[in-house]
Amino acid sequence: MADTAAIDAAPIAAALPTSRDDKALHRLIFVGIAVLLIVAPLILYPVYLMKVLCFALFALAFNLLLGYGGLLSFGHAAYFGMASYLCAYTAKHLGFTPEVAILAGTATAALLGLVFGALAIRRQGIYFSMITLALAQMAYFFALQAKFTGGEDGIQAVPRGALFGVISLADDRAMYAVVAVIFLAGMLLIYRIIHSPFGQVLKAIRDNEPRAISLGYRASQYKLAVFVLSATLAGLAGSTKAIVFQLASLTDVHWAMSGEVVLMTLVGGMGTVFGPIVGALVIVTMETYLAQFGAWVTIIQGCVFVLCVLLFREGIVGLIARMIRRPL
Amino acid sequence: MTTIFGVPTQALFGQLLLGLINGSFYAILSLGLAIIFGLLNIINFAHGALYMMGAFVAWMLLTYVGLGYWWALGLAPLVVGAFGIVLEQVLIARLYKLDHLYGLLLTFGLALIIQGLFRNQYGVSGLPYAIPAELSGGQRLPFMFLPNYRAWVVVASLTVCIATWLVIEKTKLGAYLRAATENPTLVQAFGVNVPLFLTLTYGFGVALAGFAGVLAAPIYSVNPNMGADIIIVVFAVVVIGGMGSIIGSVITGFALGLVEGLTKVFYPEASATVIFVIMVLVLLVKPAGLFGRTA
């Protein structure tokens, strides 16, 4: 087995070709999600929903790399967190409007992803994971020591500003609408990437890298491309989160955050289109409602990790996909 | 006062010694990781947590049972090793047939659980653990003051590393172990109990982490997060050394500790990241690591 060939939950999605019926099913699910996005704020607290959406986008971006590229990055907090710092800084100190600040953060993540990705793809398998983790730790120390990040305090009281300088985002409902649109756009983009010829090549590399190379594909370029895409989208999620919560802090760039996004993807289902969304929903909800138990949250997360790896490798959506025998 | 490169010798050698001590811990921990990885193909993310556990077991033995440092040095690795054997039997053994990324994820979860439990019980402030009476005080050398305990840490870890290397490279047991790393099925066909080997290897690797924890207890305050930060540095050490060779992880561990110490003298701001910077440089020049074989 090739070293990167990966994670055996993924082939469940890959083994079943996406037929026209499946595409119709996916379209139905997209419509369902859009409807849910409209209805949800009427029932649930918008700030909680925005948190779920930011993390869902983060997990989707991460899963693009893991589930379809077969690359387990253990340092995705770097892109999420650094983007969030840059977004917060430009919005607060340079007076950028929210959309420009978010773009600035996203671009930072793209750049960082390019540099870190170019280094990390030089090794495979668990070495790849360890390298991404170590590089992310560098980003963490940078955030801790650099002047503009505010050290332990982070960047607080980031103004939400006005979208395009016109629509004030101070109101949670307006903010929610923006986050929902960003989330939907990100999700559709990722879906598009996965089902493009580029995505097909990625899956081929994931399943058997030497074979893909012998077919003439430049595997490392594809891997770097998907790494940068994933980092960029993670940065989009991080930037959005900075605007929503008006805060960029060390938590977002700490390696525990990298672990959390792995957990979300694992719980939801690696290599499934919709799994990370469900995973993010479950984990964020768990954290929100278990926050009062303090350190127990970490212990419970650890247990979820262990149980998922031992008994539940397909994740929630992966399990459903197998039951209905349709790729999700 | 004499100076070297504009730095007082006292400070320079002090930092070098500190670097050597950190290097001792990097060496023992990356050695344990290398052994476990070599045979089990598992990146033991729980290694840092088990190192922390070693320090806590030493503290508990003193506080609850009244057994001092020397007892702890013998008993704590046994306790941690036994715990590791249980972990291997109950959890890790189920993963051998899967992609090894699952091992990383499982042990990451274990690390969260272990750290969380200790944090719940003992908080994060850290508990003091006294240097044993026999090793308190120090030697006044011509160029610096050398605390006895620190000298002991370096000697003890070097001894353990060299002994481990000798066992693996020069004994029959080691030969079986290396053979099992190369081809477990074949070795099993020769009548060697490979599953038992796997269990004992994990137990031993983890016991090394526990041993490092006891050595660390009097230097750093014993606290639940002590393993969380060091493990990532050790991963970088492993990437730099390349996990192919046992001796490689030991040499790289000590060398990087020294480099870190020197950085603290000449450019303190970079001391937290210098190892990661070296990792990047090594990756650019020699992706397999300094002592590594190409995977």
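Me: With which residue does Arg326(A) form a salt bridge?
Reply: This is a predicted model, in which local features need pLDDT of at least 70 and side-chain atom pairs count only at pLDDT 80 or more, while totals for chains, interfaces and linings use all residues. Residues are numbered from 1 along each chain as its sequence is written, chains are lettered from A and ligands numbered from 1 in the order in which they are written, and side-chain values use heavy atoms, with hydrogens and water left out. A salt bridge is a side-chain nitrogen of Lys or Arg within 4 Å of a carboxyl oxygen of Asp or Glu. The closest N and O atoms of the pair are 3.1 Å apart, and the partner of Arg326(A) is Asp22(A).

Me: How many residues apart are Arg326(A) and Asp22(A)?
Reply: Helices (H or I, at least four residues) and strands (E, at least two) are DSSP runs, numbered from the N terminus. Arg326(A) belongs to the segment after helix 14 (315-324) of chain A, whereas Asp22(A) sits in helix 2 of chain A. The pair therefore links distant parts of the chain, and the separation is 304 residues.

Me: Is Asp22(A) buried or exposed?
Reply: Buried means under 20% relative accessible area, exposed over 50%, and partly exposed in between (1.4 Å probe, protein chains only). Arg326(A), with a relative accessible area of 26%, is partly exposed. Because the relative accessibility of Asp22(A) is 3%, Asp22(A) counts as buried.

Me: Which residue meets Asp172(A) in a salt bridge?
Reply: The N to O distance in this salt bridge is 2.9 Å, and the side chain that meets Asp172(A) is that of Arg160(A). Asp172(A) lies in helix 7 (residues 172-194) of chain A and its partner in the loop between helix 6 (125-145) and strand 1 (162-163), so the pair ties together parts that are 12 residues apart in sequence.

Me: Where does Asp252(A) lie?
Reply: The side chains of Lys241(A) and Asp252(A) meet in a salt bridge of 2.9 Å, N to O. Lys241(A) is in helix 10 (residues 219-245) of chain A, and the pair ties together parts that are 11 residues apart in sequence. Lys241(A) counts as buried at 12% relative accessibility, and Asp252(A) is buried at 3%. As for its place in chain A, Asp252(A) lies in the loop between helix 10 and helix 11 (255-268).

Me: What is the radius of gyration of chain A?
Reply: The radius of gyration is taken over C-alpha atoms, and the globule rule is 2.2 Å times the number of residues to the power 0.38. Along its principal axes, the C-alpha trace of chain A spans about 50 × 40 × 40 Å. With 328 residues, a compact globule would have a radius of gyration near 20 Å, which agrees with the value for chain A, 19 Å.
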